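Welcome! Keep the picture at hand as you read.

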Amino acid sequence: VMTAMKGLGAVILLVLSYRLLREAKRYVLPTPGERVQALSARPVFGVLLLYISNPSLYAFWIAVAGTMIGHNLLGPNIWNTLVFSLACGLGSLLWYLILVRFVSRHQNRLRPETFRRTLVLLAIALIAFAVYTIGTIFI
């Protein structure tokens, strides 16, 4: 199961990096007031799949939840654990929404070339992570 998850995660990373490289070639900053159409009808689904396939998600929860439970900081009540998990999830969602809003409001201050370079660097990072993930299947 773990090998399949790593393989799926690597494929998702490679597909995302391909799309980033393709978008970097044709990226144009929208004019102020122009409505930008999404590249995908369901981008949230792709992000969710990427997030689920990320091993750091599990490492974070093992470390944080393990520490909280191991030191009895949440107590024996299951509701405390659920509220803690929901608060972490909502905090992450809030951070993402604030970041997206900030970037969308201030994107006109950046040159298109800056966005292109950023997309290429992100694609290279995703390719590197995919290669590493594939390597861990065989090591």
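Helices here are DSSP runs of H or I with at least four residues, strands are runs of E with at least two, and both are numbered from the N terminus. By that rule the protein chain has five helices and zero strands. Following the sequence, the pattern reads α-α-α-α-α.

Residues are numbered from 1 along each chain as its sequence is written, and side-chain values use heavy atoms, with hydrogens and water left out.

The term pLDDT stands for the predictor's confidence in each residue, on a scale from 0 to 100. Its mean over the protein chain is 80, and 84% of the residues reach 70 or more. Which elements have the lowest and the highest mean pLDDT? Helix 2 (residues 43–52) has the lowest, at 70, and helix 5 has the highest, at 89. Where pLDDT is low, the predicted coordinates should not be read in detail.

**The chain as a whole**

A residue is called buried when its relative accessible area is under 20%, exposed when it is over 50%, and partly exposed in between (1.4 Å probe, protein chains only). Of the 139 residues in the protein chain, 17% are buried. The accessible surface, computed by the Shrake-Rupley method with a 1.4 Å probe, comes to about 11,000 Å², and carbon and sulfur atoms hold 72% of that area.

Contact means heavy atoms within 4.5 Å. Among the contacts with a separation of 6 or more, 76% are between residues 24 or more positions apart.

Helix 1 has 25 residues and spans 37 Å from its first C-alpha to its last.

Setting aside residues up to four places away in sequence, L20 touches L119, L122, A123 and L126. T133 lies in helix 5 and counts as buried because its relative accessibility is 17%. Beyond its neighbours within four places in sequence, T133 is in contact with K6, A10 and L13.

Now look at M2, in helix 1. With a relative accessible area of 60%, M2 is exposed. Although M2 and I137 are 135 residues apart along the chain, their C-alpha atoms are separated by 8.6 Å.

**Salt bridges**

A salt bridge is a side-chain nitrogen of Lys or Arg within 4 Å of a carboxyl oxygen of Asp or Glu.

| Pair | Closest N and O atoms |
|---|---|
| R26 and E23 | 3.4 Å |
| E113 and R116 | 3.4 Å |
| R117 and E113 | 3.7 Å |

R26 and E23 are separated by about one helical turn because they sit three residues apart in helix 1. R26 counts as partly exposed, at 48% relative accessibility, whereas E23 counts as buried, at 18%.

In helix 5, E113 and R116 are three residues apart, about one turn of the helix. E113 is partly exposed at 33% relative accessibility, and R116 is partly exposed at 25%. R117 and E113, also both in helix 5, are four residues apart, again about one turn. Through shared partners, salt bridges join E113, R116 and R117 into one network.

Methods:
The expected span of a helix is 1.5 Å times one less than its number of residues.
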